[in-house]
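Colleague: Put the model up, please, and let's talk through a few spots in it.

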Amino acid sequence: MTQKRSFKSVGIIGTGSYVPEKVLTNLDLEKMVETSDEWIRTRTGIKERRILDKEKGSSYMAIKAAEKALEAAKLEPEDIDLIIVATVTPDMMFPSTACLVQEGLKCKNAAAFDLEAACSGFLYGLTVAYSFVRSGVYSNILLIGTEALSRITDWTDRNTCVLFGDGAGAAVISEVPEGRGVLGLDLGADGEGKNLLKLAAGGSLMPATEETIRNKQHYIHMEGNEVFKFAVRKMEEISLKVVEKSKLEICDIDYLVPHQANIRIIESARKKLRLDEDKVYVNLENYGNMSSASIPVALDEAVRKNKIKDNDVVLLIGFGGGLTWGAMVLRWYSKGGF
Ligand code: UT7
């Protein structure tokens, strides 16, 4: 007799987030580079961003966000069997930031690794976590997007320094009742866009030298216009694709949590998808673009503000360096708390 294979339903059972206290406003930036509050607000939607204290690293924020996610999930650190950290700003090249988080949280039963997919990192991580739980390899996975982008920002380059901020968001991924949790997902990449958004030096191809420092190759380089066009195109394309894969229609979406890069990108997607403004979570005016932390911070805020409720159909969309993109549809499951 052949045994019927059964896959688990998988969802997010708790979220948490953390942003540093220090605020850098557009007015502060006016004193640093040739820019204006008006230009930044109208071109990006950003008003201020948070900056991590000099002596701390991404793992500090990750631990803070993860503690809240564990509390919301009503789990103890020992219950976690895998930690995945999505980041482009690890504390160091190695060991992984996930190992530092494992130690900091005392998740003594957890394996740990980092994952890098730039601003799509949280969605890539969710897909990995989903697959592990669905197949029964792991039961409770802690996924964190954490970024100290202020460390890799050239504060003399007005093209980029107005855009980014620091923060961390976390989620616990576990089995949920049937019919809840992940309904569909889609990931993609296009390495041909590798030069549009990158940090060139400090890796094996171009190790740190006096010259790389002089040439400012340890900072984010972005061809904003090209990334903008790609983002607008992809947001619509992947939303339609993932909704179809989930066997739903766009009108079934109760809430959209997009990557927070630029209000004009979000608005363009919202209009093309014909979603009302109150169905889309936007917080980039407060934090700027926090890369892999943007979606989990926005998701946590939306859940805690009760914008996302039990049984809602939630669409997450991200895009970024690589180029990479990802989307996921979930039927939300509230485990009696956040
Ligand atoms: O999360 C990863 C994905 N990243 C993104 O999604 C970012 C996508 N790109 C964008 O959001 C936009 O392209 C930017 C906000 C980066 C730039 O907006 P834009 O409308 O594409 O502006 P632009 O680059 O075409 O620049 C327009 C003008 C230029 O001046 P000229 O050449 O027309 O004289 C820039 O030099 O605005 C100038 N400019 C600024 N002026 C004041 C660029 N940055 C600034 C600034 N303040 N901070």
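Colleague: Where does Leu323 sit?
Modeller: Leu323 is in the loop between strand 12 (313-320) and strand 13 (324-331). Helices (H or I, at least four residues) and strands (E, at least two) are DSSP runs, numbered from the N terminus. The peptide bond that joins Gly322 and Leu323 is cis, with omega about -10 degrees.

Colleague: Before I go on, what should I keep in mind about the model?
Modeller: This is a predicted model, where local features need pLDDT of at least 70 and side-chain atom pairs count only at pLDDT 80 or more, while totals for chains, interfaces and linings use all residues. Residues are numbered from 1 along each chain as its sequence is written, and side-chain values use heavy atoms, with hydrogens and water left out.

Colleague: OK, and what about the bond from Phe94 to Pro95?
Modeller: That peptide bond is cis, with omega near 5 degrees. Pro95 lies in the loop between strand 4 and helix 4.

Colleague: Helix 4, then. Which of its residues are buried?
Modeller: Thr97, Ala98, Leu100, Val101 and Leu105 are the buried residues of helix 4 (residues 97-105). Buried means under 20% relative accessible area, exposed over 50%, partly exposed in between (1.4 Å probe, protein chains only).

Colleague: What covers them?
Modeller: The cover includes helix 3 (58-73), strand 4 (82-86), strand 5 (111-115) and strand 6 (141-148). Contact there means heavy atoms within 4.5 Å. Just after helix 4, Lys106 takes a positive phi of about 60 degrees.

Colleague: What other residues have a positive phi without being glycine?
Modeller: Ala118 is one of them, with phi near 50 degrees, and Arg274 is another, with phi near 55 degrees. Ala118 lies in the loop between strand 5 and helix 5 (121-135), while Arg274 lies in the loop between helix 9 and helix 10 (284-287).

Colleague: Is Arg274 buried or exposed?
Modeller: Arg274 counts as exposed, at 75% relative accessibility. Ala118, in contrast, is buried, with a relative accessible area of 12%.

Colleague: Switching to salt bridges: how many are there?
Modeller: A search of the whole structure finds 14. A salt bridge is a side-chain nitrogen of Lys or Arg within 4 Å of a carboxyl oxygen of Asp or Glu. One of them pairs Lys241 with Asp186, whose closest N and O atoms are 3.4 Å apart.

Colleague: What does that pair tie together?
Modeller: Lys241 lies in helix 8 (residues 224-245) and Asp186 in strand 8 (residues 181-189), so the pair ties together parts that are 55 residues apart in sequence. Lys241 is partly exposed at 43% relative accessibility, whereas Asp186 is buried, at 4%.

Colleague: And Arg270, what does it bridge to?
Modeller: Arg270 bridges to Glu267, with the closest N and O atoms 2.8 Å apart. Both lie in helix 9 (residues 263-272), three residues apart, about one turn of the helix. Salt bridges that share partners join Glu267, Arg270, Lys271 and Glu277 into one network.

Colleague: Now the ligand. Which residues are closest?
Modeller: Of the 23 residues that surround the ligand, the closest are Thr35, Arg43, Asn225, Asn262 and Asn289. A residue counts as near if one of its heavy atoms lies within 4 Å of the molecule.

Colleague: Which polar side-chain atoms lie by the ligand's oxygen atoms?
Modeller: Arg43 has one 2.6 Å from a ligand oxygen, Asn225 has one at 2.7 Å, and Asn289 has one at 2.5 Å. Taken alone the ligand exposes 950 Å², and the protein buries 74% of that. Those areas come from the Shrake-Rupley method with a 1.4 Å probe; for residues, only the protein chains shown count as cover.

Colleague: Which element gives the most to the shell around the ligand?
Modeller: Helix 8 does, with four residues.

Colleague: Last one: is Thr15 buried or exposed?
Modeller: Thr15, which is found in strand 1 (residues 10-18), counts as buried at 0% relative accessibility. A polar contact of 2.7 Å joins the side chains of Thr15 and Asp300. A polar contact is a pair of N or O atoms within 3.5 Å; within protein, one must be able to donate a hydrogen and the other to accept it, and residues adjacent in sequence count only if both atoms are side-chain atoms.
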